[in-house]
Amino acid sequence: MKERLRSSYKHLMTGVSYFLPFVVAGGVLLSFAFLFDAANSGGEDFGAGNPVSAWLLTIGGYAFDFMLPILAGFIAYSMADRPGILPGMMAGLLAREEEAGFIGAIIGAVAAGFLVRLLKWVSKNWSRSLSGVKNIVLFPVVGTLLAAAAMIPLNLVIGPFNAWMNGLLEGLSGASLVLIGAVIGGMLAADMGGPINKTAYLFAVASLTATDGSATATVIMGTAAVSGMSISTICAVASTIYRRRFSQDLRDAGKAAYVMGASYIAEGAIPFVIAKPRAVLPSIIVGAATAGALAGAFGITMSAPIGGVFTMPLASNIPLYLLSFVIGVAVGVVLLGILLRLTEGSVVAKEEAERESAISATTSEGGNS
Amino acid sequence: MANIIGVSSCPAGIAHTYMAAESIEKAGRRLGHTVKMETQGAAGSENTLSNKDIENADVVVIAADITVDEERFEGMRIVRVSVGEAIRGAEQVIEKAVA
């Protein structure tokens, strides 16, 4: 059972791995479109008010159009190898067209994967002379037909379910949004870009598909956008403020972490967590959870499936978005300062200890070589 | 002393892929083996295993949270672990691989 769970997770993550670039590129291009059209803010065609913006809006939208087909195609690829790609992409596109959204695309991809596996099994003992037919005709044509046919009943069930869930998410308010924001923020920070982070992130991205398959702005994504940004930034700011606590390597990593935080990449925190897990990990989790909870409390929505400075213009309320971010970072940095003191003692004592260990390290290394 | 090769790959392909590869390579060398890890990150395949690497290898370590194409390693002994296991417990992974 555990093995099975692990392999299903692997299939889902393979899909996520391939669709991430589409999400990032689409999100950033769309936000540029709105950025270049700032003068037209509030206008009917906001985001397409001049040729450059309109062009960016179009290609950003195209990148988004690929999202569900790529996700589904590569889930099926993970399950059934190369012949899975086309039936999976077909299932993803049909889920999008029939308003079954992310859930439809994922379930459809699994169905497509199983159907291609079934086809492979059925044709396993065919003679060698037929293998060309198998690869060129059977898998693509029959596989696609079967996957598309499977999507008919699936969409009938998942379409309404998706609409119901979207309604539910839109109806969320107050305390439940604060809670969701805190949980998402905490999960995003928990393993800095690992499986827990990706699960929370996928949930937030999934909330962005409206019932008609178009993109919609949600508070859930707003909380993810703000809290995701704060993770690397907490480490970056801490390495600047508590300079003496960090080695030269980590101070350099801190500079990179500023950029990574601003670009919505949680991985910038990794070197810090490795060096000082007991102080850094709780701090980034609490800091990111605070940022997420605040964004939830303020009800800030985000329409792009990625946070960071590039998509900031897409937040429903930019000052409050920034405020949630700054408070989350501040909470994380202060907590980190306290925890560093608790786990390592005062700075002076630590520096002495480090000098000693540096001396003993050089002696032992000298002994080895 | 064993000849270990392997592939690492994580969903985002930015950091964990490379950390897993590094951690396996370090632990393997510490235990006296030769190790070559191919990374399949967002940049595609790097430190790619050559046919010769594969021919000479005793065991393959796949450290991945996503599906990795294993066609190249057909008939070889393959040890599969998650990226997390490779980063945190690389020595156990190596021990498992050469056992």
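How many bridges join β1(B) to strand β2 (residues 34-41) of chain B, and in which sense do these strands run? Please take me through the sheet around them, and then through what surrounds it.

Analyst: Before anything else, please keep in mind that this is a predicted model. To your question: β1(B) and strand β2 of chain B, which covers residues 34-41, are joined by six bridges, and the two strands run parallel. One place where you can see this pairing is S8(B), which stands opposite T39(B) in β2(B).

Chain B has an open sheet of five strands, and if you read across it, the order is β3-β2-β1-β4-β5, with mixed pairing. The strands at the edges are β3 and β5 of chain B, each of which pairs on one side only. Neighbouring strands in this sheet are turned against each other by 20° on average, with direction ignored.

Let us now cross from β1(B) to β4(B). Strand β1, made of residues 3-9 of chain B, pairs with β4(B) in the parallel sense, and this pairing extends over six bridges. Within it, G6(B) has V61(B) of β4(B) as its bridge partner. Going on from β4(B), we reach strand β5 of chain B, residues 78-81, which runs parallel to β4(B) and is joined to it by four bridges. Here I62(B) is the residue that stands opposite R80(B) in β5(B).

Is β4(B) enclosed or open to the outside? Strand β4 of chain B holds six residues, 59-64, and because five of the six are buried, the strand is largely enclosed by the rest of the structure. Two helices also lie across parts of the sheet that include β4(B). Helix α1 of chain B, residues 16-30, lies across β1, β2 and β4 of chain B and runs at about 175° to β2(B). Helix α4 of chain B, residues 90-98, lies across β1, β4 and β5 of chain B, and its angle to β4(B) is about 145°.

One loop beside the sheet also deserves a look. N47(B) sits in the loop between β3 (44-46) and α2 (51-56) of chain B. Although N47(B) is not a glycine, its phi is positive, at about 55°. N47(B) counts as partly exposed, because it has 15 C-beta neighbours inside 10 Å.

Next comes the partner chain. In chain A, 15 residues are in contact with 10 residues of chain B. On the side of chain A that touches chain B, the elements giving two or more residues are α1 (2-35) and α8 (195-206) of chain A. The largest share of that side, seven residues, comes from α1(A). Sorted by class, the side of chain A that touches chain B has six nonpolar, six polar and three charged residues.

Chain A has 14 helices and zero strands. Of the 369 residues in chain A, 53% are buried. Its C-alpha atoms fill a box of roughly 75 × 65 × 40 Å, taken along the principal axes. Among the contacts in chain A with a separation of 6 or more, 73% are between residues 24 or more positions apart.

Finally, we can follow α8(A), one of the elements named at the contact with chain B, into its own chain. There α8(A) packs with helix α9 of chain A, residues 219-241, at an angle of about 140°, and their axes are 8 Å apart. The angle makes α8(A) oblique to α9(A), and the crossing of these helices is left-handed. The contact is made by A200(A), Y201(A), A204(A) and V205(A) of α8(A), together with I220(A), M221(A) and A224(A) of α9(A). By class, this contact of α8(A) with α9(A) has seven nonpolar, no polar and no charged residues.

Y201(A) counts as buried, because it has 27 C-beta neighbours inside 10 Å, where 20 or more are needed. Leaving aside residues up to four places away in sequence, Y201(A) touches L188(A) and A224(A).

Technical notes. Residues numbered from 1 in each chain as written. Chains lettered and ligands numbered in written order. Predicted model: local features only at pLDDT ≥ 70, side-chain atom pairs only at ≥ 80, totals over all residues. Contact = placed C-beta atoms within 7 Å. Nonpolar A, V, L, I, M, F, W, Y, C, P; charged D, E, K, R; others polar. Buried ≥ 20, exposed ≤ 12 C-beta atoms within 10 Å, placed from the backbone. Pairing = 2+ DSSP bridges. Axes fitted to C-alpha atoms, helices over the stretch in contact; angles between N-to-C directions. Parallel < 35°, antiparallel > 145°, perpendicular 65-115°, else oblique. Left-handed = near helix turned anticlockwise from the far one by under 90°.
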